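Open the model in your viewer and keep the sequence panel beside it. The stops below are given in the order in which to select them.

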Amino acid sequence: MFIVFEGIDGSGLTTQSKILGKYLEKRGKKVFLTKEPTENLIGKIIRKILKGQRKLNQETLALLFAADRSMHMDIIKERLKDSFVICDRYYFSNYAYQMLDVEIEYLIQINSRFLKPDLTIFLNVPPEVCKKRIDENREHIEIFETLETLERIKKNYLEIMERFRREGFNIAEIDGNRSIEETHEAVVKCLEKYIK
Ligand code: ADP
Ligand code: TYD
């Protein structure tokens, strides 16, 4: 099963991915935990750009994210043969973030060949709460992590989720503005029907 976590920076994607991974392993499932941008060649270039160490135009950045995903796709497909794959961000991030500067139809086009997740979990957390979490916990702030930008990205997420639900995507929205444990319980509940 291919599970994706999505949300704005600081909404708890990494935290919830890891806890869900442990939860599934405890129940005897084989789990592959992964994230985008990846740690591979293209992912490393992307991280430099996110830290502001390198500048380039937003359309090129969008393509880099898609190229990184293309490499990632081979690994995910292989792992899906015998594991639950939990991915911290996937192409909805490409839409919600790069939509700030690049036309959505183009973004959908460059992601069109990638595997459709079985379930996408959107963690809904107010941008002010996310900003506070980021400021308290990070030594550096990345390019998308200003309050105004997080607000715009959240709006983009809500818009694209509505569109993709209509197109038959399985997208769950979970209130992530509560404790880590409570959020985890809600995540597990939404997976109940898949874990027997
Ligand atoms: P993301 O991967 O979405 O950027 P993280 O999982 O890295 O977010 O979480 C960002 C920070 O917020 C971390 O320091 C994490 O410990 C903290 N955090 C995560 N979930 C919660 C929560 N439910 N309540 C309070 N703090 C949280
Ligand atoms: P993040 O998920 O916070 O990773 P880390 O915890 O390693 O900093 O950072 C990834 C950033 O990249 C985040 O701001 C979202 C952004 N992003 C895009 O803009 N487009 C994409 O396609 C993906 C996968 C991520």
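This is a predicted model: local features need pLDDT of at least 70, side-chain atom pairs count only at pLDDT 80 or more; totals for chains, interfaces and linings use all residues.

**Start of helix α3**

Now extend the selection to residues 58-79, the whole of α3. The helix has 22 residues and spans 31 Å from its first C-alpha to its last, close to the 32 Å expected at 1.5 Å a residue. Centre the view on H72, where α3 has a kink of about 30°.

Which residues of α3 are buried? Show side chains for L61, A62, L64, F65, A66, D68, R69, H72, M73 and I76.

Move to the loop between β2 and α2, where P37 is found. Select E36 together with P37: the peptide bond from E36 to P37 is cis, with omega near -5°.

**The largest pocket**

Next, display the largest pocket, with a volume of about 730 Å³. Its lining counts 37 residues, and the closest to the pocket centre are D9, G10, T14, R89 and R138. Colour α1 (13-26), α2, α3, α4, α6 (127-137) and α8 (180-191); each of these helices supplies at least two residues of the lining.

Stay with R89, one of the residues closest to the centre of that pocket. R89 sits in the loop between β3 and α4. Check its backbone: phi is positive, about 85°, although R89 is not a glycine. With a relative accessible area of 13%, R89 falls under the 20% cut-off and therefore counts as buried.

Select Y95 in helix α4. Is Y95 buried or exposed? Its relative accessible area is 2%, so Y95 is buried. Beyond its neighbours within four places in sequence, Y95 is in contact with I104, L107, I108, N111, I160 and F164. Then draw a C-alpha to C-alpha distance from Y95 to D82: the two are 13 residues apart in sequence and 29 Å apart in space.

Finish at Q16, in helix α1. Q16 counts as buried because its relative accessibility is 3%. Leaving out residues up to four places away in sequence, Q16 touches F5, L123, I180, T183, H184 and V187.

Note on methods
Residues are numbered from 1 along each chain as its sequence is written. Chains are lettered from A and ligands numbered from 1 in the order in which they are written. Side-chain values use heavy atoms; hydrogens and water are left out. Helices (H or I, at least four residues) and strands (E, at least two) are DSSP runs, numbered from the N terminus. The expected span of a helix is 1.5 Å times one less than its number of residues. The bend at a residue is the angle between axes fitted to the seven residues ending there and the seven starting there. Buried means under 20% relative accessible area, exposed over 50%, partly exposed in between (1.4 Å probe, protein chains only). On a 1 Å grid over the protein atoms alone, a cavity is a set of points where a 1.4 Å probe fits but cannot get out, and a pocket is an open set with protein on both sides within 12 Å along at least five of seven lines; lining residues have an atom within 4 Å of a point. Grid points are joined across faces, edges and corners, and a volume is the space filled by probe spheres set on the points. Contact means heavy atoms within 4.5 Å.
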